[in-house]
Amino acid sequence: MHEASIVQEIIDITTEQAKQNNAHKILEVEITVGAGAMIETDLLASAFDVMKNETMLEEAILKINKANLKLHCLNCGKIFESDRMISMECPYCHSFETVIESGREMLINKIIAE
């Protein structure tokens, strides 16, 4: 379960940002997880709920936005989206010669602190 190490990074980054802005408590963290990031968002949320205890995030809620993969077909040149890594076939020409343009990332979008 690599989600625990990801949550630890979220805690470290948000805590550092909160301290730099003289905040003492983090109320909300909003992230975006790409469909190709290979992250189980349910496990991530569960790990966050356990690991946030006794940190600045103890009362924080985690909001998770999911982003589709954006793929580029090398055969016909079209760009299309998919919500799963296993569906990389171009819906226009049915080629599997596709490359991922985006959707493998996990981003911290917003931190609300006081």
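Which residue just after α1 takes a positive phi? Asn 22 does, with a phi of about 55°. The model behind that value is predicted.

The secondary structure comes to two helices and six strands. Read along the sequence, the pattern is α-β-α-β-β-β-β-β. The radius of gyration is 17 Å, well over the 13 Å that the globule rule gives for 114 residues, so the chain is more spread out than a compact globule. The C-alpha trace spans about 55 × 25 × 15 Å along its principal axes. Of the 114 residues, 33% count as buried. The chain exposes about 6900 Å², and carbon and sulfur atoms supply 48% of that area. Now take the contacts with a sequence separation of 6 or more. Residues 24 or more positions apart account for 67% of them.

Next, helix α1. It covers residues 3-20, which makes 18 residues. From its first C-alpha to its last it reaches 26 Å, close to the 26 Å expected at 1.5 Å a residue. Its buried residues are Glu 3, Ile 6, Val 7, Ile 10, Ile 11, Thr 14, Thr 15 and Ala 18. These residues cover an arc of only 165° around the axis, which puts them on the same side of α1. The spacing follows a general rule. An α-helix has 3.6 residues a turn, so residues three or four places apart point the same way. What covers the buried residues of α1? The cover includes β1 (26-34), α2 (41-51) and β6 (106-113). The other face is turned away from this buried side, and it carries the exposed residues Lys 19 and Gln 20. Just after the helix comes the positive phi of Asn 22.

Step back to the segment before α1. His 2 is found there. UniProt, in an unreviewed entry, places the feature "binding site" at His 2. Is His 2 buried, exposed or partly exposed? Its relative accessibility is 38%, so His 2 counts as partly exposed. Leaving aside neighbours within four places in sequence, His 2 is in contact with Met 38 and Ile 39.

Leu 71 is found in β3, residues 69-73. Its relative accessibility is 0%, so Leu 71 counts as buried. Which residues is Leu 71 in contact with, leaving aside its neighbours within four places in sequence? They are Lys 78, Ile 79, Phe 80, Ser 82, Ser 87, Met 88, Thr 98, Val 99, Ile 100 and Glu 101. Glu 89 lies 18 residues from Leu 71 along the chain, and their C-alpha atoms are separated by 9.3 Å.

One of the contacts of Leu 71 is Ile 79. Ile 79 has its place in strand β4, residues 79-82. Ile 79 has a relative accessible area of 49%, so it is partly exposed. Leaving aside neighbours within four places in sequence, Ile 79 is in contact with Lys 70, Leu 71, His 72 and Tyr 92. Cys 93 is 14 residues from Ile 79 in sequence and 11 Å away in space, C-alpha to C-alpha.

Conventions
Residues are numbered from 1 along each chain as its sequence is written. This is a predicted model: local features need pLDDT of at least 70, side-chain atom pairs count only at pLDDT 80 or more; totals for chains, interfaces and linings use all residues. Side-chain values use heavy atoms; hydrogens and water are left out. Helices (H or I, at least four residues) and strands (E, at least two) are DSSP runs, numbered from the N terminus. The expected span of a helix is 1.5 Å times one less than its number of residues. Buried means under 20% relative accessible area, exposed over 50%, partly exposed in between (1.4 Å probe, protein chains only). The arc is that of the directions from the helix axis to the C-beta atoms. Contact means heavy atoms within 4.5 Å. UniProt positions are given in the numbering used here, feature names are shortened, and annotations may be inferred rather than shown by experiment. The radius of gyration is taken over C-alpha atoms; the globule rule is 2.2 Å times the number of residues to the power 0.38. Accessible areas come from the Shrake-Rupley method with a 1.4 Å probe; for residues, only the protein chains shown count as cover.
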